Amino acid sequence: MAISGFGSHSISLFFYAILATFLHTGASEIIPVQGQNLVTNNVSVVEGETAIISCRVKNNDDSVIQLLNPNRQTIYFRDMRPLKDSRFQLVNFSDNELLVSLSNVSLSDEGRYVCQLYTDPPQEAYADITVLVPPGNPILESREEIVSEGNETEITCTAMGSKPASTIKWMKGDQPLQGEATVEELYDGMFTVTSRLRLTVSKEDDGVAVICIVDHPAVKDFQAQKYLEVQYKPEVKIVVEFPEGLTREGEHLELTCEAKGKPQPHQINWLKVDDDFPSHAVITGSDLYIENLNKSFNGTYRCVASNLVGEAYDDYILYVYDTRADGVPQKIDHAVIGGVVAVVVFAMLCLLIILGRYFARHKGTYFTHEAKGADDAADADTAIINAEGGHNNSDDKKEYYI
């Protein structure tokens, strides 16, 4: 039986439409079977971008594939799109695959999409679309713009309107820091995250960057930074311009006080600790000049510098030596040292020669006394006996005194 006005292709489409309507109205009777022959994937997509939904069939036996939205409305029936939403476009259709793109994704598109395969019983597989909403530019605020050393400051970083909630990390230079985060849930599963960082600053922190890093699956390397401005009291150092070596009577002394801080020191003063300042000393800015030094000027001279944060000082101890250099260490004369060493070596050689001659003379005298026994001997035998220790005639040579 033929239906007038319909070709064979139109009849097939009409049949599929009736079948789809029947299955849609009787969806509660469909037994979901996942992973048997129908395969799909979950999709995460950034708001405003394009999502790709895939329905793939393993070993298809000419069963019909269709794609439904979270409201179970048919998006594509084979390669036809009943749903009047032009954001859905067919990417690929074959017996084994239905590939559909969804452009300009919004939060309302989030949900579970259904791939259906008309088998007996029908099969379903589910693709969850998750829409990611990146946060706005991080907002960095500090409690005060300028901090004095040793004080605590607080910096806040806010990542607004993201889905899911962002994670905030802190860095000071290359050092990680720990902040305290609060999460506020908004409409449609949106979140605003605020992190507070408290830190005590030192003068070394001046000019160092504090970085707020926002971590979110929709964005990479999302950060904001602020450079610390730290005020600190002066650092003071006294530099001796003259003399280069020891200070001696009659010479002059020239000192310079170097001071730096933030803000720059507005006042530099010279004083003598526990004593009056020399009357003819000249102070010009940060320089101190004293001429015609004498021992009465001995003492501790102090340079004091101050700014809005505080004050600091450095000391110079003056000791004036006699011009005669009594007790003053002289420069080492290597030629003199060499001469002294040579004289010592020569004296030692002479001493060795004298000692050698002395020992040689005493050794000869010893042998002479051994031979004296022969002087009084009448013959050779007697001489030998006398040399071996016989002293027969010794009594004859004794003299007695009364």
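**Entry 1. Burial and overall make-up**

I began with burial: buried residues make up 33% of the 402 residues in the chain. I took buried to mean under 20% relative accessible area, exposed over 50%, and partly exposed in between, with a 1.4 Å probe and protein chains only. The model is a predicted one, in which local features need pLDDT of at least 70, side-chain atom pairs count only at pLDDT 80 or more, and totals for chains, interfaces and linings use all residues. Residues are numbered from 1 along each chain as its sequence is written, and side-chain values use heavy atoms, with hydrogens and water left out.

I then looked up the surface and found that the chain exposes about 25200 Å², of which carbon and sulfur atoms supply 52%. Accessible areas come from the Shrake-Rupley method with a 1.4 Å probe, and for residues only the protein chains shown count as cover.

For secondary structure I recorded three helices and 25 strands. Helices (H or I, at least four residues) and strands (E, at least two) are DSSP runs, numbered from the N terminus. I also noted that, among contacts between residues at least 6 apart in sequence, 61% join residues at least 24 apart; contact means heavy atoms within 4.5 Å.

**Entry 2. Nonpolar cores**

Which residues touch the most other members of the largest nonpolar core? I listed Leu67, Ile75, Phe88, Leu98, Tyr113 and Ile129, out of 24 residues in that core. A nonpolar core is a set of buried Ala, Val, Leu, Ile, Met, Phe, Trp, Tyr and Cys residues joined through side-chain atoms within 4.5 Å. The strands that each supply at least two residues of this core include β4 (65-68), β5 (74-77), β8 (111-117) and β9 (123-132).

In soluble globular proteins, nonpolar side chains tend to be buried together.

**Entry 3. A four-stranded sheet**

I traced an open sheet of four strands in the order β10-β12-β16-β15, with antiparallel pairing. Two strands pair if DSSP finds at least two bridges between them. The edge strands are β10 (139-142) and β15 (180-185), each pairing on one side only. The twist averages 15° from one strand to the next; axes are lines fitted to C-alpha atoms, for helices over the stretch in contact, and angles run from 0 to 180 degrees between N-to-C directions.

How many bridges join β12 to β16? I recorded nine, to β16 (residues 191-200), with the two strands antiparallel. Within β16, Ser195 is the bridge partner of Cys157.

Ser162 lies in strand β12 (residues 152-162). Is Ser162 buried or exposed? I noted a relative accessible area of 0%, so Ser162 counts as buried. Beyond four places in sequence, Ser162 is in contact with Val133, Pro134, Pro135, Gly189, Met190, Phe191 and His216.

The backbone oxygen of Pro164 lies 3.0 Å from a polar atom of the Ser162 side chain. Pro164 is in the loop between β12 and β13 (167-172), and a cis peptide bond joins Lys163 to Pro164, with omega about -5°. I found a cis peptide bond also between Phe242 and Pro243, with omega about 0°; Pro243 is in the loop between β19 (230-242) and β20 (253-262).

**Entry 4. Glu144**

I placed Glu144 in the loop between β10 and β11 (147-148). Glu144 counts as partly exposed because its relative accessibility is 26%. Not counting residues up to four places away, Glu144 touches Glu152, Thr153 and Glu154. A polar contact of 2.6 Å joins the side chains of Glu144 and Thr153; the term covers a pair of N or O atoms within 3.5 Å where, within protein, one must be able to donate a hydrogen and the other to accept it, and residues adjacent in sequence count only if both atoms are side-chain atoms. Glu144 and Glu154 are 10 residues apart in sequence and 7.9 Å apart in space, C-alpha to C-alpha.

**Entry 5. Positive phi values**

Asp188, in the loop between β15 and β16, has a positive phi of about 55° although it is not a glycine. At 55% relative accessibility, Asp188 counts as exposed. Asp221, in strand β18 (residues 219-227), has a positive phi near 50°. I noted Asp221 as exposed, at 72% relative accessibility.
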